[in-house]
Each structure stands twice: as C-alpha cells, then as structure tokens.
Amino acid sequence: MKNAIFGAAAVLLAVLAAGCNPAAENKTPEQASAPGGGPGAPAAPTGPQRVSQEGPFRFSLDIGTDKPKNLVKTKFTLMILTEKNEGLSGATATIDLEMDHPMGENRVVLKEVRPGNYAGEGVFTMGGDWVANVTVKKGAEQGTAKFLIKGVAFEK
Ligand SMILES: [Cu+2]
C-alpha cells in the first residue's frame, strides 16, 4: 500500500515536471506545486491580459487559447465597444506584437467580421512574453490598448 501511494506521488511529480515549464525539474515538490511557480519562475502561459486602454473605445482580445505557441498561425479576435456599449463598425484595427527586445515589425491587420468584432491572423515569431499593442481608428477618433500575452511556448 505504501508503495502504491509513493508510485502515485511519483507519477504526479512527473506530470508536474513535464508541464510547460522546463525549470520545474529543478524545483522541490513544494515549489513545483506553488501557484505561479514562485518568484523568478518563467511566466505561466495565459490568454491576453489587458493592462491599459485609452480613447473612446473599450477593448477585449481573444486568441482562442490560453496556451499560445510560436511559429504557428494564431487568430486574434478583438472586440470593440463604443462609449454607448455598442459594437464599433467601420473602423480600422491593427495589433503590433512586441517583446522586451527588438523583434522587427510584427503587425496583425484585423478585418471587421461584424460590428464590434474584428479578426486577423498573426504569428508569434519567438517563444516568451509578448505585448499586443492595439490601435483602432474611426474617422477622427482613435483608441489604443495594451495586452500582455505571457508564456508563448517555444515549438522549435
Ligand atoms: Cu523575441
């Protein structure tokens, strides 16, 4: 019975170590099971998290996954509401993807699917943490927003 419990614990540890985080192998079980992996750990993968928005529009961003990968097409869907909480139509919308070091221009041009819903495909050209800088223009009005997309997985 004791061996069975130990075996189950070993399997659980192996699953934790094989997760998204290579550094998990070097952690004690306590650290490996701590939420967020503790200080200094690579960021856990997430969907987009909005950190700011300016101008007359309200934004939310969806990339269809909370486990983004690099070097594959990723569909970006931007929801845009007006101050009256109506879907914005007839706007131009782009997302510039950046890291904390120069990566060259990486712009996703979005097309209106229906009022308030704009979509386009982009590629994270490297694993790691990204910032999505949203710019939306309609006539003389312009709105911007910034989203963090953490923990994009290295596939190659
Ligand atoms: Cu990079």
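Two strands pair if DSSP finds at least two bridges between them; strands here are DSSP runs (E, at least two residues), numbered from the N terminus. Residues are numbered from 1 along each chain as its sequence is written. The model is predicted: local features need pLDDT of at least 70, side-chain atom pairs count only at pLDDT 80 or more, and totals for chains, interfaces and linings use all residues.

Select Thr-92: the residue opposite it is Lys-137 in β7. Next, show β4 and β7, which pair in the antiparallel sense over 7 bridges.

Now display the whole sheet. It is open, has 8 strands in the order β1-β8-β7-β4-β5-β6-β3-β2, and its pairing is antiparallel. From one strand to the next, the twist averages 25 degrees.

Move to the largest nonpolar core, which has 24 residues. Such a core is a set of buried Ala, Val, Leu, Ile, Met, Phe, Trp, Tyr and Cys residues joined through C-beta atoms within 7 Å; buried means 20 or more other C-beta atoms within 10 Å of a residue's own, with C-beta atoms placed from the backbone. Select Leu-61, Leu-78, Ile-80, Ala-132 and Val-134, which have the most contacts inside this core. Strands supplying at least two of the core residues each include β3 (73–81) and β8 (141–152).

Finally, colour by pLDDT, the predictor's confidence in each residue, from 0 to 100. The protein chain averages 82, and 72% of the residues score at least 70. Over residues 1–38 the pLDDT is below 50. Where pLDDT is low, the predicted coordinates should not be read in detail.

Note on methods
A residue is buried if 20 or more other C-beta atoms lie within 10 Å of its own, exposed if 12 or fewer, and partly exposed in between; C-beta atoms are placed from the backbone. Helices (H or I, at least four residues) and strands (E, at least two) are DSSP runs, numbered from the N terminus. Axes are lines fitted to C-alpha atoms, for helices over the stretch in contact, and angles run from 0 to 180 degrees between N-to-C directions. Two residues are in contact if their C-beta atoms, placed from the backbone, lie within 7 Å.
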